[in-house]
Amino acid sequence: MAPASRRQQRPRRRRRGGKRWLLLALAAALAVLSRGWWWPTPPPAQMILVLGGDVERERHAAEIASEQGLPVVVSGGSNPEFAHWLFEERQGLQPGQVKLDYRANDTLTNFTSLVDDLRRARIRHALLVTSQDHMDRALLVGRIVAGSRGIHLTPEPVDCAELCSPESRQKIWGDGLRAALWVISGRDLRSWAAERLSLELR
């Protein structure tokens with residue numbers, strides 16, 4: 001019985017070793033690809049990136065842009081009429097100073113829809129504006145996705161006071177994993193899985 005028992009245990013040891021190597025490979029890939037996290041000191045902020053979802057984020061960004069003269073990109077924000085009124089008429093920014101982008105539908109796509117545009121524009125440092133209770137998840141996702149293109153993010157949280165609703169670790173790290181897989185594979189595996197499931201159910 002002993003030899004048979006030993007034969008049954010060997011594959012389990014191999015599987016554990018395989019998982020270890022996979023984790024090490026993933027950690028190494030993230031260390032290289034998310035270099036915006038640990039790269040040498042970036043230049044001063046070159047732009048403001050606003051994640052839509054609350055008009056207070058846009059108001060906060062408009063104030064910073066007015067003070068520092070930085071361009072603004074709003075990803076998935078309020079409707080164009082309100083945004084133009086807020087940034088141009090109320091805050092007095094130039095029309096060319098603000099770009100509205102509506103391609104994103106969640107936190108991951110806030111970054112994946114824009115990051116290559118930012119790299120082509122030679123952006124290396126952006127101020128990230130979102131609500132305080134969303135910042136942990138946004139910063140994790142952003143530092144993985146934008147970091148993979150050498151872009152450093154500095155958080156500019158918007159106080160949400162009593163409206164704050166802290167996000168769970170599961171939600172934060174779940175989106176972090178999606179971001180890592182996007183960097184490695186070039187696709188959002190959640191969307192890919194949903195598309196495959198939809199095709200199979202037809």
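## Salt bridges

There are 12 salt bridges in this structure, a salt bridge being a side-chain nitrogen of Lys or Arg within 4 Å of a carboxyl oxygen of Asp or Glu. As background, side chains of opposite charge can pair when their charged atoms come close. This is a predicted model, so local features need pLDDT of at least 70 and side-chain atom pairs count only at pLDDT 80 or more, while totals for chains, interfaces and linings use all residues. Residues are numbered from 1 along each chain as its sequence is written, and side-chain values use heavy atoms, with hydrogens and water left out.

Start with D117 and R120, whose closest N and O atoms sit 2.6 Å apart in a salt bridge. Both belong to helix α5 (residues 115-120), 3 residues apart, which is about one turn of the helix. Helices here are DSSP runs of H or I with at least four residues, strands are runs of E with at least two, and both are numbered from the N terminus. In general, an α-helix has 3.6 residues a turn, so residues three or four places apart point the same way. D117 counts as partly exposed at 25% relative accessibility, whereas R120 is exposed at 59%. Those words have cut-offs: buried is under 20% relative accessible area, exposed is over 50%, and partly exposed is in between (1.4 Å probe, protein chains only).

## A linked network

Which residues are linked in a network of salt bridges? They are D106, R137, E167, D175, R178 and D188. One of the pairs is E167 with R137, where the closest N and O atoms are 2.7 Å apart. This pair links distant parts of the chain: E167 is in the loop between β5 and α7 (169-185), R137 is in helix α6 (residues 135-145), and 30 residues separate them. Both E167 and R137 are buried.

R178 and D175 also meet through their side chains, at 3.2 Å from N to O. They are 3 residues apart in helix α7, so about one helical turn separates them. R178 and D175 are both buried too.

## The disulfide

How many disulfides does a search of the whole structure find? It finds 1, with a disulfide taken as a pair of cysteine sulfur atoms within 2.5 Å. The partners here are C160 and C164, with their sulfur atoms 1.8 Å apart. The torsion about their S-S bond is about 80°, so this disulfide is right-handed.

Is C160 buried or exposed? C160 is buried, with a relative accessible area of 13%, while C164 counts as partly exposed at 27%.

## Helix α2

Helix α2 (residues 55-68) has 14 residues, and at 1.5 Å a residue it should span 20 Å; its end C-alpha atoms are 20 Å apart, which agrees. That expected span is 1.5 Å times one less than the number of residues. The buried residues of α2 are R57, E58, A61, A62, I64 and A65. Seen down the helix axis, they fall within an arc of 170°, so they line one face of the helix. The arc is taken from the directions from the helix axis to the C-beta atoms.

What do those buried residues pack against? They pack against β1 (47-51), β2 (72-75), α3 (80-90), β4 (125-131) and β5 (152-158), where contact means heavy atoms within 4.5 Å. At the start of α2, a side-chain oxygen of D54 comes within 2.9 Å of the backbone nitrogen of E56. Just after α2, G69 takes a positive phi of about 70°.

## Two loop residues

S113 is in the loop between α4 (107-112) and α5, and at 16% relative accessibility it counts as buried. Leaving aside residues up to four places away in sequence, S113 touches D101, R103 and A104. S113 and R103 are 10 residues apart in sequence, and their C-alpha atoms are 6.4 Å apart in space.

R122 lies in the loop between α5 and β4. Its phi is near 60°, a positive value in a residue other than glycine. R122 counts as exposed, at 70% relative accessibility.

## The whole protein

Stepping back, the protein has 8 helices and 5 strands. Along the sequence they follow the pattern α-β-α-β-α-β-α-α-β-α-β-α-α. Of the 202 residues in the protein, 38% are buried. Among contacts with a separation of 6 or more, 77% come from residues 24 or more positions apart.

Note on methods. A polar contact is a pair of N or O atoms within 3.5 Å; within protein, one must be able to donate a hydrogen and the other to accept it, and residues adjacent in sequence count only if both atoms are side-chain atoms.
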